Amino acid sequence: MAQLKVDGRNVCLDTLTSTLLATVPEAMFGHDATLQVEKMQGWQDVTINGTVIDDTSFLFSQLSAESKWTVKATKADGTTLEASLQFTFLPIVQLLPSIAEGFSNEYQQARFLFSYPDSATTDTLTARIKWRGGTTNAPNKHKRNYKVNFDEDQRFFGLRNDDKWMLDAGQPDVFRLRNRIAMDLWNKMARKPYYIEQEPKALNGVRGDVVELFLGDEWRGIYNLSEFIDRKQLKLKKIDSKTGEIHGCLYKGVSWSKVQMFDYFDTYDNTKDTFFGYEFKYPELGDDSDTVDWTPLIQANNFVRNSSDNEFQEHIGDYFDIPVIIDYNIFYNVVNAIDNTGKNMYWAVYDKTTTKRLTPTPWDLDATFGQRWGGRLEQEIDEGNYTSPDFKMDFELYLTYRFFRDNFNDYVGQLNERYQTLRQPGQPLHTDSIIAIVTHYYQAIKLSGAAAREEAKWSGDDDVWNDVIDFDTEYDYICDWIRRRMDFIDQTELPLFYKSTYFDELCTRTPALNTQPSTHNIYDLSGRKVISYPSSPNTRLYIRDRRKFIGK
């Protein structure tokens, strides 16, 4: 708990390093600052550099990230404190769990204390908080991500007003902020989804900013306080509360599967919220509805896998948001998003009752800008190195393969024309523009002192495969990687990946049929019971539990 307030904001104590941290406006750094210092209840005999503090102002000379002041204090019960007071200009978040064991995979009540440098108070908010993530949430992980569900809607950094927020640790990333940087780039370059006229506030990405996080009385590091991808962010049409009819749908790829690569299909069950590596995110089964609808995703999958060249040319625009697909394809080639072609992406349908067209949205972009998903940098330059700036991505969606193979509507020409437009000076993909995003965050964490604290706290940890965290070295590496990557793409017509024989072979073979017996009674449209699914390669529609579903 805080012992002091500075200009109305809590000062947080890291007991492991005996460091007090206070946040002030960035404009104060480099100058003398007279700040109001207030003792918290129960503390007495407080001194700063030997000067007695009795809820009075104190002159801090030449504030900087490196400056330190010695604070001593006592309590009536004999408790004593001696710590170094330091300053940051980043917001400070302090999480106070309701139980001593701390957070876990289950939600628990907690207090969320937010100190913004330009505000004269610390906001004390109540929330339910738990760990979040997939591989980042393994038992042996240390710097955790958190999902925060506030009791009431909250707005941070002037962004959306909502009760759901995320604290992203950048756990496997030795720069901690690749996810934030890559998402900022996507937000700048991506065109709006096809339904933007109906929903002008729709956002096909998430925003956020950097904070320093305390877990109780321990500084835990640099975090990205971020919005979520959900129905509200994308402005998908809500489920009809009276009839229960589903309108908007949101699917998330959570693991690799052939369905995500759009080269395989299977039966599906609208009473289940998972399917072949996907999770159904809206409507949420059990909360919003007692059923979901996989139909738009599966119909699109079947069309991509089975349509003739003529059918593909004529109707692919009925299934996918082509301009956003083009931008997504450029984006993951530029940042080398090797973990984001199927897995770690969303597919959204605005209103399936009017169109089942799917719009892609990226997610979890740690494995970008020259880093692998495992957190280990591999800087050798060779064809087999996924992190190389001249790596030709061969992790692709079958969907984009068909675009390229058939050159749908001069897709290759559209792709390169769009790329050249975005590459112009002042545009999002100009090299200087991309590096400017990296530089913005680098300067924020460096000048605030957060970078030095992160290096001291987490360098060599198992989360980053025992790598050294050195922000100066990593900043230089990322900037150099971006320059070389963009030069490489300029010299190589998109798509970069078109070297793999996997999809060429796939196109010549008949898709495998699922002959496993179903645990449900399945009937064809004539009411005949199907003993083995599927009964024939020509059968497409079945009935199970009084619902139609698409098979093969």
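This is a predicted model: local features need pLDDT of at least 70, side-chain atom pairs count only at pLDDT 80 or more; totals for chains, interfaces and linings use all residues.
Which residues of H9 are buried? In this helix, which spans residues 450-458, they are Ala 450, Ala 451, Arg 453, Glu 454 and Trp 458. These residues lie on the same side of H9, because they cover an arc of only 160 degrees around the axis. As a general point, an α-helix has 3.6 residues a turn, so residues three or four places apart point the same way. On the other side of H9, Ala 452 and Ala 456 are exposed. Just after the helix comes Gly 460, with a positive phi of about 85 degrees.

I turn now to the protein as a whole. It has 552 residues, of which 55% count as buried. Its secondary structure consists of eleven helices and 26 strands. If we take the contacts with a separation of 6 or more, 66% of them are between residues 24 or more positions apart. The accessible surface comes to about 23400 Å², and carbon and sulfur atoms contribute 45% of that.

The largest nonpolar core has 131 residues, and the members that touch the most others are Phe 87, Phe 320 and Trp 347. Helix H10 supplies the largest share of this core, with ten residues. There is also a second, separate core of 21 residues, including Val 93, Val 148, Leu 159 and Val 211.

Aromatic residues deserve a word of their own. The whole structure holds 37 aromatic pairs. One of them joins Phe 29 and Phe 89 in an edge-to-face arrangement, 5.1 Å centre to centre and with 80 degrees between the planes. This pair links distant parts of the chain, since its two residues are 60 residues apart. Phe 29 sits in the loop between S4 and strand S5 (33-39), while Phe 89 sits in the loop between S10 and strand S11 (92-97). Both Phe 29 and Phe 89 are buried. Elsewhere, one aromatic cluster is formed by Phe 112, Phe 114, Tyr 116, Phe 150, Phe 156, Phe 157 and Trp 165.

I come next to the charged side chains. How many salt bridges does the structure hold? There are 23.

Consider Arg 418 and Asp 327, which form a salt bridge whose closest N and O atoms are 2.8 Å apart. The pair links distant parts of the chain: Arg 418 belongs to helix H7 (residues 411-422) and Asp 327 to helix H5 (residues 322-334), 91 residues apart. Arg 418 is buried, with a relative accessible area of 16%. Asp 327 also counts as buried, at 0% relative accessibility.

A second salt bridge joins Arg 180 to Asp 184, with 3.0 Å between the closest N and O atoms. These two residues are four apart in helix H1 (residues 178-189), which means that about one helical turn separates them. Arg 180 and Asp 184 are both buried.

In a further salt bridge, Glu 218 meets Arg 220, with the closest N and O atoms 2.9 Å apart. Arg 220 has a relative accessible area of 12% and is therefore buried, the limit being under 20%. Finally on this topic, Arg 160, Asp 162, Asp 230 and Lys 232 are linked in a network of salt bridges.

I close with the backbone. Most residues other than glycine have a negative phi, and most peptide bonds are trans. Where does Arg 176 lie? Its place is the loop between strand S15 (161-168) and H1. Although not a glycine, Arg 176 has a positive phi of about 70 degrees. Arg 176 is buried, with a relative accessible area of 2%.

Asn 336 likewise is not a glycine but has a positive phi, here of about 55 degrees. Asn 336 lies in the loop between H5 and strand S21 (345-349), and is buried with a relative accessible area of 2%.

The last item is a peptide bond. The bond from Tyr 282 to Pro 283 is cis, with omega near -5 degrees. Pro 283 is located in the loop between strand S20 (278-282) and helix H3 (295-306).

How values were computed
Residues are numbered from 1 along each chain as its sequence is written. Side-chain values use heavy atoms; hydrogens and water are left out. Buried means under 20% relative accessible area, exposed over 50%, partly exposed in between (1.4 Å probe, protein chains only). The arc is that of the directions from the helix axis to the C-beta atoms. A salt bridge is a side-chain nitrogen of Lys or Arg within 4 Å of a carboxyl oxygen of Asp or Glu. A nonpolar core is a set of buried Ala, Val, Leu, Ile, Met, Phe, Trp, Tyr and Cys residues joined through side-chain atoms within 4.5 Å. Contact means heavy atoms within 4.5 Å. Accessible areas come from the Shrake-Rupley method with a 1.4 Å probe; for residues, only the protein chains shown count as cover. Rings of Phe, Tyr and Trp (its six-membered ring) pair if their centres lie within 6.5 Å; planes under 30 degrees apart count as stacked, over 60 as edge-to-face and the rest as tilted.
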